[in-house]
Amino acid sequence: MSPSLREAGLFAGLALLVAGIFAWLGAAYGVRMLAEAACYAIIALGLTIQWGYAGLFNVGLMGFVAIAAFTTVLVSFPVNDAFWQGDGPVMLGQVALTLVIGVAVTILLSRSTRIGLPKGLRTALTLVAAAITYLAVQGQLDPAATLIEREAGFVGGLGLPVWMGWVAGGLVAGLLGWAMGRITLGLRADYMAIATLGIAEIVKAFLKNADWLTRGTLTVSPLPWPVPTPQELGFVASRSAYLAVTAVMIVVLYVLLERAWHSPWGRMMRAIRDNEVSAAAMGKDINRRRLEMFIVGNFIIGLGGAALITFTTIFDPSSFAPLNHTFLIWVMVILGGAGNNLGAIFGALLVYVIWIMSEPVAVFLFTTAEQWGESLFGWEAPSDLYTRALQMRVFVIGLTITLVLRFAPKGLLPEKVVKYD
Amino acid sequence: MPLLEMTNIHGGYGGANILNGVSIAIDADQIGVIVGPNGAGKSTTLKALFGLLKVGEGSVVFDGRTVTNMAPEKLVLEGLSYVPQEFNVFPTMSVEENLEMGAYVRRDGFRHLIDQVYGFFPPLKDKRRQPAGELSGGQRQMVAIGRALMTEPRLLLLDEPTAGLSPRYMGEIFDRIIAVNKAGVGILMVEQNARQALALAHRGFVLAGGQNRFTGTGAELLADPDVAKSFLGGGADHA
Amino acid sequence: MPTIIDVQDVSKRFGNVLAVDHCSLSVEKGSITGLIGPNGAGKTTLFNMVAGAFAPSSGRILLDGEDVTGLKAHELFGRGLLRTFQIAQDFSNMTAIENLMMVPAGQTGESLFSACFRRGAVMAQEADVRRRAEEVIDVIRLGHVKNERAGNLSGGQKKLLELGRVMMAQPRVVLLDEIAAGVNRTLLNDLAAVVQRLNREEGLTFFVIEHDMDLIARLCDPVIVMAAGSVMMQGPMSQIRNDPEVIEAYFGGSPAAEAN
Amino acid sequence: MPEAGLLAILPMNEIVFFLNKVVIAGFIIGSVYALGAVGVTLIFGILRFAHFPHGDMMTAGAFVALVLLWIFPGAGAAVGLPTAFVLMPIAMAVTALFAVGLDRTFYRPMRKAGVKPVVMVMTSIGVMLMMQGLLRLFAGTGTRQLYVDTDAKDIYRIPLGGRDLVITEPQLLLFATTIVAVVALHLFLTRSRMGKAMRAVSDNPDLARVSGISIDHVVRTTWLIAGALAAAGGTLLALDVTLKPDLSYNIILPIFAAAIVGGVGQPYGAIAGGLLVGFSETLAVFNWSVLLRPLRPYLPEFIEIPAKLAFVPTEYKIVVPFFILVAVLIWRPTGIFKGRVNI
């Protein structure tokens, strides 16, 4: 079967599946599912750049999603007057000033070997400066945070348009990617995985506990939408509009990525992936290019994450379950076909549909099992059977990963060799 | 009957064949030396013999038994032992532990063999507690050969035992190899230092392009102007 | 003739092993200089340092008079130095022609922004690169397999492709690591002819590690002999091959041989 | 008596508080990390990939102990020790076999196919997800106790003037088990034939193979040891605190940190790394104001002692192992005990 025929067949099958779900559960449900799947598809495109193009093992996806979602809240949530009228802004300004001065001094000291300081002294001074900065910032931030929480709840947003929030979210995720990449890109894959996992945990811990900034476990809602809300238009129309926005984003990203992949940039990236040593001998700056991939990938992941969280209308830092969602996206990419943009989109749609559908299916299975067990053996099911049933889905993701890696390591839509003719 | 007889071996990695019909035969107690330009398939021949590489065509007969494509751990039991060219010691383990690992397949006592190895390589005795990774190149090579001797092999395969050694050590290693051979162990080795190795060889094999180019006694090959030509080229007279 | 590569008192230590030991040598501009020596003499280590794979433990390396000690491989490429590998290092999942087209430095389309948004400029340059690659692939006689994955080519074809990449790069100096290894005679003649032509017509300097003495004799002048990590002698091949010290280093002649 | 005089001026309350909160707590959590890290480091040394489900293997081991507890509730009372501890050897054996089964089912086929290390890591993550799904399916997400009614959770209070030094029975058992396990492992690796073979494979797998060492045996032994120690670590941790299905995930990062700090492939390093990470955590979240307060009379007026003065707020404890990890990876990637990183 030719690749294009295969693509057409797979997408047609997917369309049939989706049509069936529309017929069964209604349009409002179907559109919601598609809109969410579209957001996942954007994230999957970001990951396919990192993994499929560059072989970077990023398991900190949820950290980048969370920071982007938070940035969106900060940029596009309505302004909190109580915060701006209080002493909060001034106090935060002082914290920022301390931070800037402290960081500047630390950086200067870390370069002090240039003025002839011995290395050991430099390291000691740098560490001391960093520690003092840290303690000073922490010392100033604590009262500010307490004050803001007491008087205003949290800092609120800037009230700017949602799309600005998304772009800002992507940029911040990219920036975090830059910082992360500087540290971890030189490491072998296992260590990079551990390090990115750690970053995701730290981001999550920060967002969850910095109540003055994020409202923490109190959550922020409702997040503004880029399109009219269901209250104004009704569910189907409003969600369709949202779906349209995300679909346009996918198309634009897809076109740009395909262009890049089929240009000298993509050629260089494939060369680096194929043979690092030789690519370096041919004058390609591998570390810089890897970092670029990591940043661009995280930008796109942030964009998709911001769109996803906006759609759910609630920002809840504790909802970024690192494992389930991270590896849901990983399954999308490797099942779809790493290094194939169409594969990432297909994988995202298919896997998300299965994931969503597995909830009613799992509940149905378990309720049936419960009934049978009760009537046949007098088994008394645990009261939390419903939540337990959902854990099966984590199992299924894990199983899918191992099966795909073993039996279809190239995915359903394998990457194609680029040919010139 | 020869101790080892490889007949018309073909094989290589993946699709490409490196060996295109290599034949080697040596008797027990002999030293066989394989020489030839880089890429001629010398090391590959040893690897094919020792089951580290799939032999596609041809046969390996050791001591009357066909052992073609037998796994290395089985060949050790048959009486073959192999010293790779690089990475041939366990660097964080002590010299004595390295030797013990050589005797891994033995269930009987092997203390006397360790002493025998120290007899062949006296410098190792003082370093027995030292991690092998901290030894000098020549001493490491001694550990590597000693490890291979711990199974009391009938045939010892050496892949460029003198690569990277200074001339002084090179001579010392060759002396030890002769001593080991005199103790009754057959030797088949690949050598880049062709002339010196051929000088001590009972049987010499010149490979090129994965095939035998010349075969004969060491002395015959050394005297053959064509052989000389394939090493220094141009038939220079350097005898 | 002026010097293009100048290795000054360079050493490299790996753990306890001194692979290169206070080695000094120079390669003249426009020459094809050979580097020979027994296995383990430190030739490849020296090559790796000149090519930027790792930095020397001590000493300096000059390229055309500039200190390039410790520069990375891609930076050296930018200064006109290119190296090939003992075992041909192709980009095996890319086609033969792509292997060539990826070489030229600083292509507009290598910037992600240009690749996405400046299609016109990228395409125009791409056509140029394409044309050059087509020319080169004909010279190295791989036109019939240009759309084949490089991983599927034979060992000799990969070597040719490697030379093709050299031609695409238009460097000033090329480090050739064992071009003859695993290559049959006929193909070797082709490779040698390409090297000689590039040297003569385009003025490329070649610095060649080689074990095939025929090839060295045919291509190289002068030849540098390395042994035990440093230079033993330097001169034309005719002189080298009659030097008793070199013969000793290569073939030995130690008491062990006589003892047998 | 001068000693008594010295004791009298020392702020014993605060010092004991410090000992309880930092030293004892650090030893305890460090021992748990160490028991996990030994397995991780062995697997890394022999099989060359980071074994992500290790935390879940610890949890699984504790659940095996829980099931055994239901079957033999009287075992502990007979000996006078916590039932779960008495049954722990069985749990270790079961988990060890389970680990071997895991390898057979998931890792060995990938190994035989010769996949890249990164694919192994990803497979291990798939296994981790499966184990978490199953654990929560069968055990729910609530917390459980590893005690039966007949067990008494002995608490030892050592009076040191003022406040008591507090150590519980499970903590002592945990510490004792760790020491016994480490010594036994050390003897095994340096004295026994199989232990040396494991080190040989970790050093140079190709050479081990040509020496006639069966890689399959070594791999199996590795999983047996890693599984058994994981079960011990999980059971003892669950005895000390409680048993939660999602325990593992909070523990895997510090365990990796411990293994890498100690040097991958270095069992003794893993012990040191585990304790280092454990102490770093307790030191980082310790409220230093407690120790400073007694100095109040001697300090000038203008210095205020804040109510809370910790390096890291407790909520950010996860940051500590991460920073240790990154710092080690950047400045000394071979670990403090010089493990093997590459290959």
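Trainee: In which sense do strand 6 of chain B and strand 7 of chain B pair?

Mentor: The model is predicted, so local features need pLDDT of at least 70, side-chain atom pairs count only at pLDDT 80 or more, and totals for chains, interfaces and linings use all residues. Side-chain values use heavy atoms without hydrogens and water, residues are numbered from 1 along each chain as written, and chains are lettered from A and ligands numbered from 1 in written order. Strands (E, at least two residues) and helices (H or I, at least four) are DSSP runs numbered from the N terminus, and two strands pair if DSSP finds at least two bridges between them. Strand 6 and strand 7 (residues 155-159) of chain B share four bridges, and their sense is parallel.

Trainee: What is the strand order of the open sheet in chain B?

Mentor: The sheet has six strands with mixed pairing. In chain B, the order is 6-7-8-3-9-10.

Trainee: How are helix 2 of chain D and helix 7 of chain D oriented to each other?

Mentor: Helix 2 (residues 12-47) and helix 7 (residues 169-191) of chain D have axes 10 Å apart at about 40°. Axes are lines fitted to C-alpha atoms, for helices over the stretch in contact, and angles run from 0 to 180 degrees between N-to-C directions. Angles under 35 degrees count as roughly parallel, over 145 as roughly antiparallel, 65 to 115 as roughly perpendicular and the rest as oblique. Helix 2 of chain D and helix 7 of chain D are therefore oblique.
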